[in-house]
Amino acid sequence: KPLLDLINKGDELQLPVLAGSSWSNKFNLTKWLSTLHRMDINTLFTLTKGPNPLRPSEVALKIFPSGLNMYSWDYTSDSSFAAKRREDYKTRMVEYITNLGVNSNQTQISSDVLDVLNFEIQLAKITPDWRRISTTL
């Protein structure tokens, strides 16, 4: 329910993929990310504060990638296993959006989801896979 309230809050917070053909083109990514962060939902990055390791009496602002929904390898590999994972992920995104009651046709939703996936693939190419790195340390 809180997510649906947020989605219906106004033009600046209305994600294109969830608005379909009724999207107003006034979407504000900065405002969207800020609103999600206030709800403790970190999407593209995580913002935290804590003691500065070099000067413990000072507070340091820490910004780091939040991570993607799959391992970077699953986004970028040509293997059939990774291709299947990407296809399953696309299917789940379409199902989630449809279950939110979006007033759009399946073709538009599928097209928007593909755009989101392609964006995540580009992010995966430049983002370290923190889950894999942390398990090897």
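Reader: What share of the 137 residues counts as buried?
Author: In this predicted model, 28% of the protein chain's 137 residues count as buried.

Reader: You listed two tyrosines. Are Tyr75 and Tyr89 buried or exposed?
Author: Both Tyr75 and Tyr89 are buried.

Reader: How many aromatic pairs does the structure hold?
Author: It holds 1. The pair is Tyr75 with Tyr89, and their ring centres are 6.4 Å apart. Their planes meet at 85°, over the 60 degrees needed, so the pair counts as edge-to-face.

Reader: Which parts does the pair tie together?
Author: Tyr75 lies in helix H4 (residues 72-76) and Tyr89 in helix H5 (residues 80-99), so the pair links parts 14 residues apart in sequence.

Reader: What does Ile121 touch?
Author: Leaving out residues up to four places away in sequence, Ile121 touches Tyr75, Thr76 and Arg86.

Reader: New topic. How many helices and strands are there?
Author: The chain has 7 helices and 2 strands. From the N terminus, the order is α-α-α-β-β-α-α-α-α.

Reader: What share of contacts joins residues at least 24 apart?
Author: 38%, counted among contacts between residues at least 6 apart in sequence.

Terms used
Residues are numbered from 1 along each chain as its sequence is written. This is a predicted model: local features need pLDDT of at least 70, side-chain atom pairs count only at pLDDT 80 or more; totals for chains, interfaces and linings use all residues. Side-chain values use heavy atoms; hydrogens and water are left out. Rings of Phe, Tyr and Trp (its six-membered ring) pair if their centres lie within 6.5 Å; planes under 30 degrees apart count as stacked, over 60 as edge-to-face and the rest as tilted. Helices (H or I, at least four residues) and strands (E, at least two) are DSSP runs, numbered from the N terminus. Buried means under 20% relative accessible area, exposed over 50%, partly exposed in between (1.4 Å probe, protein chains only). Contact means heavy atoms within 4.5 Å.
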